[in-house]
Amino acid sequence: MPQTVLTEPPCFMDIDSVYSGDEMARVFKGIVGEGVVSAGDLAVTQRSSGATMGIDIAPGAAWVEGDDSALLQPVYHQVITATVGVSVDAADGSNPRIDRVVLAMEDATFDSSGQRRAKVEVITGTPASSPSAPAEPDSAITLATIAVATGATIIEDADITDLRPRAGLLAAFLLDDSVGTGILADAAVTTAKLADGDVTTAKLDDLAATTAKIANAAVTTAKLASPSTSSVTLANGWQSTGNGGPVQQVVEPGGRVFLRGEVFDGGSGNPNVGFVPTRPASDCFFACATGGGNVAVVKIRASDGLISDENGATTFDFSGITYRAA
């Protein structure tokens, strides 16, 4: 496999003192997650001197967790002070392949390499009609993969997929409330850095998001989740009168349910009106307007969503019924 051994030794690897380098570096295990330190560190690109069957690794720093011994091996800190070039094996004449570019640690204390050093390596994949990248080795981080086309003679930026992880504090190390608004730099948390569903109502403290904390135009109609609408199932002869539109439930993103539409019993006299798709957390009773100006007592049962007319009304309006979904 093409590789370039780095002249800079991994931090802590060769300290001679009362404590070994491994013991000193082990302090960071469980605190620092592996990855590059800054956005441009160890970026993989085509050769700056012109595209060839090789790549350049940009200068920078990274943390790499030792995986050969999960308990005792440390997290290594590696600095690369100048651009490093690595060759890529010749392309196959019949099939494409995918190579993996890694920053790897060799530490004879924990592996069989017989070395104590860091290297950047292009692990050559297996040519195939539908190729896949080779596995990431222990004690390494993936910087990129390279799509090596059939018969390729050069590697260009378009062939390279950036896969560098970013280093950071592990979530298990952070105490509750240890990262407050005052500690975060401006723009430290952006939309691009948040995965879908990362921020939910359940994760926000009361009053965590106030008008004063929300920038102008930060909340737009396009960013707000839409309420869902579904039909209420009527049974036992109960029907919609058509007044107030169809008989439906509307569920807002926060879980609040609203009912709408007017119904009548169709002469059945059966008190069981039908079922709501979204049940309340507990049995609920509501006072609803009737066609004759009276009040109907309507119950919605938590166990199955059954709607029942509790005082013999023959017509009533669902408008005004609202409850929290179970």
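Let's start on the surface. Ile-214, Val-219 and Leu-224 make a nonpolar patch there, with about 260 Å² of accessible area together. Patch residues have over 30% relative accessible area and no salt bridge; nonpolar side chains are joined within 5 Å, like charges within 9 Å. Areas are Shrake-Rupley, with a 1.4 Å probe. A salt bridge puts a side-chain nitrogen of Lys or Arg within 4 Å of a carboxyl oxygen of Asp or Glu.

A word on the source. This is a predicted model: local features need pLDDT of at least 70, and side-chain atom pairs need 80 or more, while totals for chains, interfaces and linings use all residues. Numbering runs from 1 along each chain, and side-chain values use heavy atoms, without hydrogens or water.

Back to Val-219. Its place is the loop between strand S13 (168-169) and strand S14 (228-231). Strands here are DSSP runs of E, at least two residues, numbered from the N terminus.

Next, charge. Asp-138 sits in the loop between S10 (116-123) and S11 (140-148). Its relative accessible area is 45%, so Asp-138 is partly exposed. Buried is under 20%, exposed over 50%, partly exposed in between.

Now S10 itself. Val-122 lies in this strand. At 0% relative accessibility, Val-122 is buried. Val-88 is 34 residues away in sequence, yet 6.6 Å away C-alpha to C-alpha.

Last, the sheet. It is open, antiparallel, five strands: S15-S20-S23-S22-S21. Pairing takes at least two DSSP bridges. S15 (233-234) and S21 (284-289) are the edges, each pairing on one side only. Three bridges join S22 (295-300) to S23 (306-309). Lys-299 has Ser-308 in S23 as bridge partner.

Note on methods. Helices (H or I, at least four residues) and strands (E, at least two) are DSSP runs, numbered from the N terminus. Buried means under 20% relative accessible area, exposed over 50%, partly exposed in between (1.4 Å probe, protein chains only).
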